[in-house]
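Colleague: I have a protein model open and would like to go through it with you. Could you take my questions as they come?

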Amino acid sequence: AENAAVCVLKYRNREEHTKKLYAEQFWWEKVYPEFKTRVEKWCGTNALLMPHFSTIPEIRRPSFKEPLRRLLLSKFDALNLVHTDVRWRNIGSYKSDEHGEIPLVYDLDSVREKTEGDCLWVERSIERLYPTDVVSI
């Protein structure tokens with residue numbers, strides 16, 4: 001199907017954790033308003049319904065360094081937010097007719113308001129994704 005879409009259901013183990021699903025949905029709406037998410041019951045348990053994104057193969061990751069930096073600055077830092085778990089397991093991509101392949105950092109359970117000590121969080125996140133090799137002499 002030409003307009004087929006794939007989604008992810010994120011469950012919480014206990015009913016009292018439903019508020020975490022709504023909190024993550026809130027961040028999705030704030031950071032990525034272009035994507036639709038919602039919390040609903042599936043198999044009798046609340047789940048966050050959100051889009052699925054392709055993982056970025058390791059061999060292609062070097063080309064995403066600057067796009068990821070721009071993403072963190074424009075989608076999080078510009079909104080005075082910090083994503084505290086920027087790791088490859090939480091990064092995917094999608095294709096846009098206008099802009100080609102676009103990276104996206106998900107697992108928005110790890111988002112919080114930026115504080116005074118967070119001024120270098122974007123650079124630290126990029127360094128964690130792209131550690132420099134130290135050569136000893």
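This is a predicted model: local features need pLDDT of at least 70, side-chain atom pairs count only at pLDDT 80 or more; totals for chains, interfaces and linings use all residues.

The chat below goes from the overall fold to the core, the pocket and some single residues.

Colleague: What box do the C-alpha atoms fill?

Modeller: Taken along the principal axes, the C-alpha atoms fill a box of roughly 60 × 40 × 30 Å. Of the 137 residues in the protein, 39% are buried.

Colleague: And what share of the contacts join residues at least 24 apart?

Modeller: If you take the contacts between residues at least 6 apart in sequence, 69% of them join residues at least 24 apart.

Colleague: Let's go inside, then. How many residues has the largest nonpolar core, and which have the most contacts inside it?

Modeller: The largest nonpolar core has 31 residues, and those with the most contacts inside it are Trp28, Tyr32, Leu68, Leu72, Phe76, Ile91 and Val105. At least two residues of this core come from each of α1 (18–31), β3, α2 (65–76), β5 (81–83), β7 (100–105) and α3 (121–129).

Colleague: What does Trp28 touch, leaving aside its neighbours in sequence?

Modeller: Beyond the neighbours within four places in sequence, Trp28 is in contact with Pro33, Phe35, Thr37, Leu48, Met50, Pro51, Phe53, Leu104, Tyr106 and Leu108.

Colleague: Switching to α3, which of its residues are buried?

Modeller: In α3, the buried residues are Trp121, Val122, Ser125, Ile126 and Leu129. They cover an arc of only 135° around the axis, and therefore they lie on the same side of α3.

Colleague: What do those buried residues pack against?

Modeller: The buried residues of α3 pack against α2, β5 and β6 (91–96).

Colleague: Where does Arg87 sit, and what is it in contact with?

Modeller: Arg87 lies in the loop between β5 and β6, and at 30% relative accessibility it counts as partly exposed. With its neighbours within four places in sequence left aside, Arg87 is in contact with Arg128 and Leu129. The C-alpha atoms of Arg87 and Ile126 are separated by 9.3 Å, although these residues are 39 residues apart along the chain.

Colleague: Now the largest pocket: how much space lies in it, and which residues lie nearest its centre?

Modeller: About 170 Å³ of space lies in the largest pocket. Ten residues line the largest pocket, and Val6, Cys7, Lys36, Met50 and Pro51 are those that lie nearest its centre.

Colleague: Which strand gives the most to that lining, and how do the lining residues divide?

Modeller: Strand β3 (residues 45–51) gives the most to the lining of the largest pocket, with three residues. The residues of that lining divide into six nonpolar, two polar and two charged.

Colleague: How does each count by accessibility?

Modeller: Cys43 counts as exposed, at 80% relative accessibility, whereas Asn80 is partly exposed, with a relative accessible area of 40%.

Colleague: Last one: what is Arg112 in contact with?

Modeller: Leaving aside neighbours within four places in sequence, Arg112 is in contact with Trp27, Asn80, Leu81, Val82, Thr84 and Asp118. Arg112 has its place in strand β8 (residues 111–113) and, at 32% relative accessibility, counts as partly exposed. Arg112 and Tyr22 are 14 Å apart in space, C-alpha to C-alpha, and 90 residues apart in sequence.

Methods. Residues are numbered from 1 along each chain as its sequence is written. Side-chain values use heavy atoms; hydrogens and water are left out. On a 1 Å grid over the protein atoms alone, a cavity is a set of points where a 1.4 Å probe fits but cannot get out, and a pocket is an open set with protein on both sides within 12 Å along at least five of seven lines; lining residues have an atom within 4 Å of a point. Grid points are joined across faces, edges and corners, and a volume is the space filled by probe spheres set on the points. Helices (H or I, at least four residues) and strands (E, at least two) are DSSP runs, numbered from the N terminus. Ala, Val, Leu, Ile, Met, Phe, Trp, Tyr, Cys and Pro count as nonpolar, Asp, Glu, Lys and Arg as charged, and the others, Gly among them, as polar. A nonpolar core is a set of buried Ala, Val, Leu, Ile, Met, Phe, Trp, Tyr and Cys residues joined through side-chain atoms within 4.5 Å. Buried means under 20% relative accessible area, exposed over 50%, partly exposed in between (1.4 Å probe, protein chains only). Contact means heavy atoms within 4.5 Å. The arc is that of the directions from the helix axis to the C-beta atoms.
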